[in-house]
Amino acid sequence: MGEAVIFLGPPGAGKGTQAARLAEELGFKKLSTGDILRDHVARGTPLGQEVKPIMDRGDLVPDELILALIREELSERVIFDGFPRTLAQAEALDHLLQATGTRLLGVVLVEVPEDELIARMLKRAELEGRSDDNEETIRHRLRVYREKTEPLVQYYEKTGALRRVDGLGTPDEVYARIRAALGI
């Protein structure tokens, strides 16, 4: 039987950093749909060419493309970083986890104030040269997050799987809060 952890939170909250550390220390495979999609864009694959304009606008990539990627990448112990992003994706993921006998250990919501998120993403754009991180696109991505992804907080709260974690502080402090929230 497999195990899964889902990381939720707005862009720039530090989900990727924390998910990578948790995956490395506990032997989970980290699935970041954003990383997978950016890799396809960088390699110029047909999928990359299809999703680049969508990502450059800050919009969400269609569910059927994302779910196909997830199915291909699923393993025994997996951390979902930034997926699901919509209720439809959450329901589809629930069915996929159930069909594969994968137990959901928890849904970690990393919470960070919006002003801090914008500052973090602008700094990241400078350091990494990411074309999808300019201020206009960042603000659009945060609006899309609020509209599409925040309903997941209520969804997972109702199931009892949601674990709220303060995303401010040093990476070590946030990581300790995540481990405590998951009881691992």
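## Aromatic pairs and the parallel sheet

The structure contains 2 aromatic pairs. Rings of Phe, Tyr and Trp (its six-membered ring) pair if their centres lie within 6.5 Å; planes under 30 degrees apart are stacked, over 60 edge-to-face, and the rest tilted. The pair Phe-80 and Phe-83 is tilted, because the ring centres are 6.1 Å apart and the planes stand at 45°. Tyr-155 and Tyr-156 make an edge-to-face pair, with 5.0 Å from centre to centre and 80° between the planes.

This is a predicted model: local features need pLDDT of at least 70, side-chain atom pairs count only at pLDDT 80 or more, and totals for chains, interfaces and linings use all residues. Residues are numbered from 1 along each chain as its sequence is written, and side-chain values use heavy atoms, with hydrogens and water left out.

### Burial

Buried means under 20% relative accessible area, exposed means over 50%, and partly exposed lies in between (1.4 Å probe, protein chains only). The table lists buried residues.

| Residue | Relative accessible area |
|---|---|
| Phe-80 | 0% |
| Phe-83 | 1% |
| Tyr-156 | 1% |
| Gln-18 | 6% |
| Thr-102 | 11% |

### The sheet

Helices (H or I, at least four residues) and strands (E, at least two) are DSSP runs, numbered from the N terminus. Two strands pair if DSSP finds at least two bridges between them.

Strand 1 (residues 2–8) runs parallel to strand 4 (residues 102–111), and 7 bridges join them. Within this pairing, Val-5 stands opposite Gly-106, and Leu-8 has Leu-109 as its bridge partner. Strand 1 also pairs with strand 3, in the parallel sense, over 5 bridges. There, Ala-4 is bridged to Val-78. Lys-30 has Ile-79 of strand 3 as its bridge partner.

How many of the 7 residues of strand 1 are buried? The count is 7 of 7, so strand 1 is largely enclosed by the rest of the structure. In a regular strand the side chains alternate between the two faces of the sheet. Both faces of strand 1 are covered. Gly-2, Ala-4, Ile-6 and Leu-8 are buried on one side, and Glu-3, Val-5 and Phe-7 on the other. Strand 3 is mostly covered, with 4 of its 5 residues buried.

Contact means heavy atoms within 4.5 Å.

### Individual residues

Gln-18 belongs to helix 1. Leaving aside neighbours within four places in sequence, Gln-18 contacts Phe-7, Pro-171, Val-174, Tyr-175 and Ile-178. Tyr-175 also has a charge over its face: Arg-21 lies at 3.9 Å from the ring centre. A charge sits over a ring if NZ of Lys or CZ of Arg is within 6 Å of the ring centre and within 35 degrees of the ring normal.

Thr-102 is in strand 4. The side chains of Thr-102 and Thr-100 are joined by a polar contact of 2.9 Å. A polar contact is a pair of N or O atoms within 3.5 Å; within protein, one must be able to donate a hydrogen and the other to accept it, and residues adjacent in sequence count only if both atoms are side-chain atoms. Not counting residues up to four places away in sequence, Thr-102 touches Gly-2, Glu-3, Ala-4 and Leu-97.
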